[in-house]
Amino acid sequence: MNGLRQLPTSISLVMVTLNSASLHAQLDQMAERKVRTVIESVVTECMAQNGKSAKNGRAVWTQLSKKPTNTYELIATENYLRKVKDVEIPQLKRETKGISSQVDFLFAHSALTGDILDAVHGTYRQVKDVVREFGKGTEGAHGERMTFENNAREIKRALMGNLKNLEDQVDCFKLKGDMKTQVQKYLEQLDSLSSSVEQAKIKASVINAEENKLGWVTTDFKQITVIEDKIEPFRELWTTSLTFRTEYNNWTRSPIFNLERQTVEKNHQNMLKTMLRLKQRFQDDEAREPSNVAAKIAEQLETFKMHIPLLKALTNTRLQRNHWSKISEIVGFAISPKDNAVSWTNLKDQGALTEETIAQITVLSTHADRDYDQVVFKDYVVEMDDDREKLCVDLAKDNEHPWVPGGCWVVDKEKLGKKLSVIKSHLSRIGEICTSENGEDYKLEAETLKEDYEKVEKLCVALEETHSVWTALIHDPNVRDGGGNRDRAHQISAADLQWRDSVLLELEDFGEEEEEEESEEEEEEEEEKDDEEEKEVKEEEDGFNLDKDSKREKVRKASPMAPSRELFKPGKKLFGLIKNDSLLDKVVEVRDVLLALKKGDDTRKLFRRISRRASAVIKITGGGAWNK
């Protein structure tokens, strides 16, 4: 125990020996390397920034040193100056400030070199040049703008002076009135003025474009419109004057029977109307000479106006030989449509253009018209009266009907269209008779025919429309099953049966005399029969089965058209059919149903209007033959 108490309580061990001098040297080396790296980075960045700033400065300086040569370049320069002021110069100043911080850092670390100083000096000088060039560019742009604005004002003043000169030249036409020798010259001068006005329009548009670029309010050159308005009446006067001289020579010297009356009358009326209008216009403008020219031409036209009825009378193709004999007696010499030597000048020289002579010839022409119309209108009435008995519905055999074995008789659409054209032609003739002064003798008879022909026209149009829609539906390849829709097939078959039962049967001529009205007893019997048929249908729906022979008999009654080898046959007379007032309503009713089916609409509501007899027949057949 005593030996143990003599041992030391702690033992000191030396773990690391540190050479502080060596460590210090190593740290200095590491710090030097890091500083060198940072300085190199700053130098690189400073040089790059100097290069960038110098490049941007040179670009700005180059752009600012350009002098604008037109308004577009001026506006571009002004916009660039605003950009330099607001963007480029502040950016260059921010860049030079960053370069200054880098230079301070390099100076503090004794890292500045001659290259760096040269680059920095060049950058600062470039920025200074940019600022100086910006000031010069601003002053130069302002001066250029003043130059361009002054040029624009000069061009504008020159154009206004040119327009004033043009207006004065146009006003000179107020003193021009030589309609014998100077007309062509006047027109050439007016053409030259119009050409100058067109050039002024182009210049005005260019000036307005320049004003827009310069930011000015565009000038409204109203004087151009004023000049055009002044030129037009003079041009119209002298153009019409030239035309009148040519036309008047043609009217008075050419053979009368070679003149086209309608053309002469139209040209005369247009020129007279124009001259009267121009006369008033020039009087209002205090243009005495042109007003006198218009008045003289209008006076000559007014004088010739009395000859228009004579021209109409002499060129009347309805004049006969006896009329020409009387005309020859009136004028005092032989005259006929084959005479190419007769002109207005000849008639005037021989004293045949008096008011009395013109009146007598006009009366003869009126009588010729009346005689001709009397004959024509009589023929019209006889022909229309004969067609009342001849016009009938033509039927054609449809052997491809999907539900009628052996086919059925349908409307012959082609022949119906031809007869509809005849009917419309007759209605046009009736209108001609009723509106003609010479149709008094036949007006009453024509009005009587008009009522019947209008009814027949409505019936034919309805038949044509209904047949077209019916054909399109019935000849559809999927008509038997309605394209998978049994309700649609039911409705199509019902509409088909209604068309054949209530309309087509009415059109067939079985050689029997038609009764205009049915007696009350027949109507009662028909109603009782309908009630019995409906009762039978009800029993069938409740489970009472009709035998096949009975069903076939009912189908045969519903479609009694027997097979025939004939392809065409005439039906009933059209004017006999219109005695049945309900036939047109039936046709229209079926047409509406067929149109609704063609559009794909549900027609059950429309079928509620069909007759009780047709309803019973439809029910007996099961609503269509698709289930046979």
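## Basis of the model

The model is predicted: local features require pLDDT of at least 70 and side-chain atom pairs pLDDT 80 or more, whereas totals for chains, interfaces and linings use all residues. Residues are numbered from 1 along each chain as its sequence is written, and side-chain values use heavy atoms, leaving out hydrogens and water.

## Surface patch

With a relative accessibility of 47%, Leu 27 counts as partly exposed (between 20% for buried, which lies under that value, and 50% for exposed, which lies over it; 1.4 Å probe, protein chains only). Leu 27 belongs to helix 2, residues 20–64 (helices are DSSP runs of H or I, at least four residues, numbered from the N terminus).

Together with Leu 23 and Met 30, Leu 27 forms a nonpolar surface patch of about 270 Å² accessible area (Shrake-Rupley method; patch residues have over 30% relative accessible area and no salt bridge, a Lys or Arg side-chain nitrogen within 4 Å of an Asp or Glu carboxyl oxygen, and nonpolar side chains are joined within 5 Å).

## Nonpolar cores

The largest nonpolar core has 60 residues, of which Trp 238, Leu 314, Trp 344 and Leu 347 touch the most other members (buried Ala, Val, Leu, Ile, Met, Phe, Trp, Tyr and Cys joined through side-chain atoms within 4.5 Å). Helix 5 (residues 183–214) supplies the largest share of this core, nine residues. Apart from this core lies another, of 49 residues, including Val 503 and Leu 597.

## Lys 419

Lys 419 is located in helix 13, residues 413–435, and is buried at 16% relative accessible area. A polar atom of the Lys 419 side chain lies 2.8 Å from the backbone oxygen of Cys 392. Beyond neighbours within four places in sequence, Lys 419 contacts Leu 391, Cys 392 and Asp 394 (heavy atoms within 4.5 Å).

Technical notes
Patches are made of residues with over 30% relative accessible area and no salt bridge: like charges are joined within 9 Å, nonpolar side chains (Val, Leu, Ile, Met, Phe, Trp, Tyr) within 5 Å. Accessible areas come from the Shrake-Rupley method with a 1.4 Å probe; for residues, only the protein chains shown count as cover. Helices (H or I, at least four residues) and strands (E, at least two) are DSSP runs, numbered from the N terminus. A polar contact is a pair of N or O atoms within 3.5 Å; within protein, one must be able to donate a hydrogen and the other to accept it, and residues adjacent in sequence count only if both atoms are side-chain atoms.
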